Amino acid sequence: MTAPLLLSMGDPAGIGPEITLKAWAALKDKSEFAFAIVAPPRVIAQANQDFDYPLKEIKTCADIASVFENALPILPIDGRVPTPGTPDPYHALSVTESIERCVSRCLSGEAAALVTNPIAKDVLYKAGFKFPGHTEYLGQLTLLEPPPYERGPVMMLSGGGLRVGLATVHLSLKDAAEQLSAEAIIRNARVMNGALQCDFGIRAPRISLTGLNPHAGENGALGHEENDIINPSARLLRSSGIQVTDAQPADTLFHAEARENYDAVLAMYHDQGLIPVKTLDFHGGVNITLGLPIVRTSPDHGTAFGIAGQNKARPNSLIAAIKSARHIANNRANYLQNGLN
Ligand SMILES: NC(=O)C1=CN([C@@H]2O[C@H](COP(=O)(O)OP(=O)(O)OC[C@H]3O[C@@H](n4cnc5c(N)ncnc54)[C@H](O)[C@@H]3O)[C@@H](O)[C@H]2O)C=CC1
Ligand SMILES: NCC(=O)COP(=O)(O)O
């Protein structure tokens, strides 16, 4: 029997509990996507007031398969009920506990993958959370286990026929330009290459690198990073057998014909990579952490406090993340057993 999926709660004052309930209702007849949420039961019960779906507290992941068809399985933790739409650092402990419990069950093999509900970074920072986001936190929590390919973590968004990894993530634009390094480009391209093979079954991945500057620097006239950092990294990667391009102008890299030429893009900073994915497919986009010993996906959107508790949130991106987690977990198991076939 295949292991089930686990969902972390995310910020309880956001839309996570609501979209989890809606995702359960959409998937309950599809046993391959069976999941439980790790959360305080009262938090889920509060979000369920609009729906009155059956809920069931369970003790272990082994209970998920038999419960899922008839009720949303909940692996209980402690925590206070929030006011929807009103974030409070008080909830930080239950937010991180939910993530950590999911991770340990993925590492033990009881669960096949982790799908995270959105957290609000600034709220966690106020409670002393020391990581920029899930991506780096999960990298730390799984540091003692080897990943099946080069170690990340690397953030990659998938949606609208695009896969876009990031060379820098949660930095101000100024810091991203200053901190862009050959080391990050080379490491992240290697992780992406390994992930495209292992997690996506692509035998010989083609990766396009964006430039940092307009027109990829216009031969140095509009910036030096392409000539000094990106293209030398690309040459080194090609010499090790990884198919990457030199820096490409980002403004002409994401249209339909351009997308035929690569399996993934490595973008140099957050918005350069996320705007195309979220514009093409906001409600179907998935955030995937590459280079971890566990499989982790997430919806591409955030906590949406402005609509929390109003039955307005769409579960589509979470459903896409759940399906993607199962797909990657299956591909990874197949790769570890048979290699690329
Ligand atoms: N994976 C994660 O944990 C992520 C967390 N965030 C966090 O979320 C917080 C809010 O970020 P924002 O920039 O406001 O982005 P957001 O994605 O929460 O909201 C942007 C807009 O999209 C709408 N929206 C988002 N998800 C929706 C859904 N499922 N159905 C219908 N409408 C939806 C919102 O109402 C809002 O108008 C931030 O603190 C950020 O750190 C943001 C992205 C990912
Ligand atoms: N913009 C993407 C995002 O904020 C998700 O970050 P993470 O929590 O997955 O690291």
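1. Helices (H or I, at least four residues) and strands (E, at least two) are DSSP runs, numbered from the N terminus. The model is predicted: local features need pLDDT of at least 70, side-chain atom pairs count only at pLDDT 80 or more, and totals for chains, interfaces and linings use all residues. Residues are numbered from 1 along each chain as its sequence is written, while chains are lettered from A and ligands numbered from 1 in the order in which they are written.

2. The unreviewed UniProt entry lists H170, H215 and H270 under "binding site"; such annotations may be inferred rather than shown by experiment. The three span 101 residues in sequence, and their farthest two C-alpha atoms are 23.6 Å apart, so they do not all gather at one spot.

3. H170 is found in the loop between strand 7 (162–166) and helix 7 (173–179). Beyond its neighbours within four places in sequence, H170 is in contact (C-beta atoms, placed from the backbone, within 7 Å) with P132, G133 and H270.

4. H270 belongs to helix 11 (residues 270–281). H270 has 19 C-beta neighbours inside 10 Å and therefore counts as partly exposed. Sequence neighbours within four places aside, its contacts are L166, V169 and H170.

5. Ligand 1 is surrounded by 19 residues, the closest being P118, A120, H301, G302 and R314; a residue is near a molecule if its C-beta atom, placed from the backbone, lies within 6 Å of it.

Conventions: Two residues are in contact if their C-beta atoms, placed from the backbone, lie within 7 Å. A residue is buried if 20 or more other C-beta atoms lie within 10 Å of its own, exposed if 12 or fewer, and partly exposed in between; C-beta atoms are placed from the backbone.
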